[in-house]
Amino acid sequence: MKHYLSINDIDSLPVWVDEAITLKKDPYQFKELGKQKTICLLFFNNSLRTRLSTQKAAIHLGMEVMIMNFGSEGWALEFGDGTLMDQGTSEHIKEAARVVSEYCDIIAIRAFAGLKDKAKDEAEEVLNGFAKYASIPVVNMESSVGHPLQAFADAITIAEHGTKSKPKVVLSWAPHPKALPHAVANSFVEMMKLQDAEFVITHPEGYELNHEITKGCKIEYNQKKALENADFVYVKNWSSYTDYGKVLSKDLDWTMTQEKLGKAKFMHCLPVRRNIVVEDAVLDGNQSLVLDQANNRVFSAQLVLKKLLEDIK
Amino acid sequence: MKHYLSINDIDSLPVWVDEAITLKKDPYQFKELGKQKTICLLFFNNSLRTRLSTQKAAIHLGMEVMIMNFGSEGWALEFGDGTLMDQGTSEHIKEAARVVSEYCDIIAIRAFAGLKDKAKDEAEEVLNGFAKYASIPVVNMESSVGHPLQAFADAITIAEHGTKSKPKVVLSWAPHPKALPHAVANSFVEMMKLQDAEFVITHPEGYELNHEITKGCKIEYNQKKALENADFVYVKNWSSYTDYGKVLSKDLDWTMTQEKLGKAKFMHCLPVRRNIVVEDAVLDGNQSLVLDQANNRVFSAQLVLKKLLEDIK
Amino acid sequence: MKHYLSINDIDSLPVWVDEAITLKKDPYQFKELGKQKTICLLFFNNSLRTRLSTQKAAIHLGMEVMIMNFGSEGWALEFGDGTLMDQGTSEHIKEAARVVSEYCDIIAIRAFAGLKDKAKDEAEEVLNGFAKYASIPVVNMESSVGHPLQAFADAITIAEHGTKSKPKVVLSWAPHPKALPHAVANSFVEMMKLQDAEFVITHPEGYELNHEITKGCKIEYNQKKALENADFVYVKNWSSYTDYGKVLSKDLDWTMTQEKLGKAKFMHCLPVRRNIVVEDAVLDGNQSLVLDQANNRVFSAQLVLKKLLEDIK
């Protein structure tokens, strides 16, 4: 594996899930693998889980961790080719990526969608810029269009809590006061396509995700119908993709409730707006897997780093 | 010990002081204790001494340290119960505390008083929220109402420099251009109540600290009289508690001078406004213990972490 | 060596260059030297290369690294003597420097020129304040007037790529949209004065650097003439020194091009404005040494830290 940019960089999801679960039993078992290896975590956006879990994963592997809030601590980056850099940007992605490659063995990057310009977001200039110009492996810690460390953690969580060989999994849109990116939903969909499951996506009309990603997935606009006999319900808000970055609905009828959830397990990537996205009763009840998901972020990142380190050696 | 939230979490101050002094003689003697243990330092406010000394204490114990400036790097926290989170806050303290607990073994938190709303400050929602919902020990790195790592460092410093079995210790209010919290003064008073000492608090009228804390302590409004035959003078500004968060006086007659200090040792937690809180001659003279106090912050934190680690194992 | 504040703290440049090149062959060979030693990196300004390379250098030596963005995470510093600190500054450099000295073994500091007040910038109050009051070695990670870690990395790079015993080296001013400090140019000039080379400085009239620094150096206002038969061309913008901090010219005739460069090697400290300071063809061509320079920042810092650690032991 050269980089971990999307869920499609996983060659075999079941194998990876098994390996991650094995890793979890003894987190420090490969602590020699990362010895004298350094990972640089570059944040262009805020983070709690991703920051701490990726750092912890690297610590488990014996790596050194260098962290930068690129926006506030570094230089404004230029991405254009042939630009006359006489405006606000101080450093070209070519130099930034190449230079960081001189100082570490793996780069991990978080750079969210701006949700203003679809083409620009989909070009993923930060992530792809680093992947193009860095001479070392790049890990996606959530980009404009994907959050594959989250989706892999979700796969681990589903595997750990599943009781059927082919569970029913529902991705259910939820209301939210702010426009949120599609990254988590996209990667979850991509991951589900690699699973043996009955997978349904439910959301109000106008909230269709990128068809290139959901192609082949069942979409059911009636949430109640979608949720019938679900084993896992993954709740998540995203803004409109068609009417890019817009909030078309804040309809609290889409809020997940204990009643709607039935006997299914509840999943969410966090942070979550209580009583908007999901009611307290669900989050505080024992069907919630959100802490398992958060915990699995460590082992998701750790397996990715382990595989990258093995390929470096 | 479950958490270290206030000076009252110390079971025996003399024993702890002795242990800290022993620790100081060979700071790395327990470096195996923190092996494969991680502390997360969460800052909601600025810090110099607390940040570096707590980090150093953890390093001495062989721990891994993860640091977050929660305000700028994380998500705005919600504390209310049952809130519909459709406003500015993105993550509930329940999730934040539980999630951080998944990634580390001890959490240390700094969250100052806002000095606008006494009830809110005294509710200590950040510190108490983490203590309530985290599944791991929480350490107070200065909260709205207390700074017990500072007060314990002060106890160590007094023990190291005392020449009498029952010294006279004076807490003397000082002027300051800005409204400051009561945390340092509160914890110092609480710590002094655990000491065998003649303890006097002196301040202008209107600057009485919370009576629940100073109950039983001698308060002398005449600074000169309070300072007579003092062995240690702890100088500190705080804003009014009664007229909450207000600056009632900037009277430079309360500034500590070499003349007033006499033969006493001078103490202050730093940072200090020179020639407002205390004149240069005192800080630059050899009766000042401020660097000893700063240095003892390492061993104060280290003993607290050591005790928490011993209870985890 | 007490501190590393300027290039003139190097006792023998050829010996240091040789030692750094040896270090580079096995970066972890002195990893025992920094064991149980801590470096604190204090940033008053942004940084990418300096931050990561100095951190990496310390890791190579087995040191613990504590990093602070002093501006946003710490307290506003006061530098005046005898000041009544009743204004915006919260902590005096005397306390800050002494306190940080309690927590680590080496302090490294970045504090840029403000370019508003020449006398104030040249007083170097942050760097010199720490050097004056700290009780431990201080390293300059770029100050108002110098960037000696960069200049030493440049010396290593020239030594590695030189083919003549006395190469021709040209420092060529370049246009830039913003007013930049003189630090990099100053230290490069000081370093070149310690080299056996034919050294020429070229810039438009009005861009003369501090004569105290360039004294004895050849200055040629005709860029073309200056560049004739050059072996190394170091391109850098700086603002006017005489008309302090002003941008007198943005003349793109001074931009470095492949044609002007001829067969010389191209050097720049980065970050660099593409097609303003230098055209793409040069940066993307194989005469560019910018990545070698960036990589050598690690070994420049590492040799400095190694020498300081050896003197501590």
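A:T202 is buried, at a relative accessible area of 0% (buried is under 20%, exposed over 50% and partly exposed in between, with a 1.4 Å probe and protein chains only). The model here is a predicted one, where local features need pLDDT of at least 70 and side-chain atom pairs count only at pLDDT 80 or more, while totals for chains, interfaces and linings use all residues. Residues are numbered from 1 along each chain as its sequence is written, chains are lettered from A in the order in which they are written, and side-chain values use heavy atoms, with hydrogens and water left out.

Back to A:T202, which sits in strand β8 (residues 198-202) of chain A; helices (H or I, at least four residues) and strands (E, at least two) are DSSP runs numbered from the N terminus. Leaving aside residues up to four places away in sequence, A:T202 touches A:V170, A:L171, A:S172, A:W173, A:E220, A:Y221, A:N222, A:Q223, A:A226 and A:W254 (contact means heavy atoms within 4.5 Å).

UniProt, in an unreviewed entry, gives residues 184-305 of chain A as "domain: Aspartate/ornithine carbamoyltransferase Asp/Orn-binding"; such annotations may be inferred rather than shown by experiment, and their positions follow the numbering used here, with feature names shortened. This stretch, residues 184-305, is 35% helix and 12% strand, with its end C-alpha atoms 20 Å apart. Residues 2-160 of chain A are listed by UniProt, again in an unreviewed entry, as "domain: Aspartate/ornithine carbamoyltransferase carbamoyl-P binding".

What about helix α4 (residues 93-103) of chain A? Nine of its eleven residues are buried, so the helix is largely enclosed by the rest of the structure. Among the buried ones are A:K94, A:E95 and A:Y103.

A:K94 also reaches across to chain C, forming a salt bridge with C:D284 whose closest N and O atoms are 3.1 Å apart. In all, five salt bridges are found across the interface of chain C and chain A (a side-chain nitrogen of Lys or Arg within 4 Å of a carboxyl oxygen of Asp or Glu). On the chain C side, α2 (49-60), α12 (280-283) and α13 (290-312) each supply at least two of the residues touching chain A. The largest share, seven residues, comes from α2(C). Overall, 32 residues of chain C are in contact with 33 residues of chain A. The area buried between them is about 2,900 Å², with 56% from carbon and sulfur atoms (accessible area, 1.4 Å probe, that two parts lose on being put together, summed over both).
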